[in-house]
Amino acid sequence: METGQSAHTTAVWPWISTVARLGLAAVWLVAGGLKVGDLAESGRAVNAYEIFPYDVAKVIGAAQPFLEIALGLLLLVGLAVRLSAAISAGLLLIFIAGITYAWVQGLQIDCGCFSSGGALGAGESPEYTLDIVRDVGFLLLAGILLWKPRTRFSIDGVLMGEE
């Protein structure tokens, strides 16, 4: 039998996870939606990191918006929440590593997370600290969903008989 505090905590977590799920869904849908209209530009943004050969960067840049949109849609409807959160966490760790790499290499680029990315213009400075802090925040949302994937208004909940 649950105590009052324990029952309250048990009842609150699905709502906290729901906010995390919908927040992370919005992140992926906006990020992917801003890039999907110009896949060549997305490829150039990946190429700006100078990690991969240009042809590989083009492929990654073309695939990335569709992966982001797919993750956003899965999280929006609440299907395969833990798997989507795990893939999100992995992707965010890759993004943080890429931004850190660009910073360490002294590259003057926009991360391309929510923009066309690429080399910065004269007089512009990269905002790597802000980009990393933002992505760590998104990683926290993914972590909440990995730990507590049960959410309200989700297909997972319907399939599990919880809704």
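Lys 148 is placed over the face of Trp 147, at 5.0 Å from the ring centre. The model is a predicted one. Trp 147 itself is exposed, its relative accessible area being 56%, which is above the 50% limit for that class.

In total, 5 aromatic pairs are present in the structure. One of them joins Trp 147 to Trp 13 in an edge-to-face arrangement, with 4.8 Å from centre to centre and 75 degrees between the planes. Trp 13 belongs to helix α1 (residues 4–35) and Trp 147 to helix α5 (residues 128–147), so this contact ties together parts that are 134 residues apart in sequence. For Trp 28 and Phe 95, the ring centres are 6.2 Å apart and the planes stand at 65 degrees; the pair is therefore edge-to-face, since planes over 60 degrees apart count as such. Trp 28 is located in helix α1 and Phe 95 in helix α4 (residues 81–105), so the pair links parts that are 67 residues apart in sequence. Trp 28 and Phe 95 are both buried.

Phe 95 also takes part in the lining of the largest pocket, where Phe 95, Val 46, Tyr 49, Ile 60 and Gln 64 are the residues nearest the centre, out of 32 lining residues. The space in this pocket amounts to about 540 Å³. Two or more lining residues come from each of α1, α2 (39–47), α3 (54–77), α4 and α5. The most is given by α4, with 7 residues. By residue class, the lining of the largest pocket consists of 21 nonpolar, 6 polar and 5 charged residues.

Conventions. Residues numbered from 1 in each chain as written. Predicted model: local features only at pLDDT ≥ 70, side-chain atom pairs only at ≥ 80, totals over all residues. Heavy atoms only, no water. Phe/Tyr/Trp six-rings, centres within 6.5 Å; stacked < 30°, edge-to-face > 60°. Helix = DSSP H or I, 4+ residues; strand = E, 2+ residues; numbered from the N terminus. Buried < 20%, exposed > 50% of the residue type's maximum accessible area, 1.4 Å probe, protein only. Lys NZ or Arg CZ within 6 Å of the ring centre and 35° of its normal. 1 Å grid on protein atoms, 1.4 Å probe; cavity = no way out; pocket = protein on both sides within 12 Å on 5 of 7 lines; lining within 4 Å. Points joined across faces, edges and corners; volume = space filled by probe spheres on them. Nonpolar A, V, L, I, M, F, W, Y, C, P; charged D, E, K, R; others polar.
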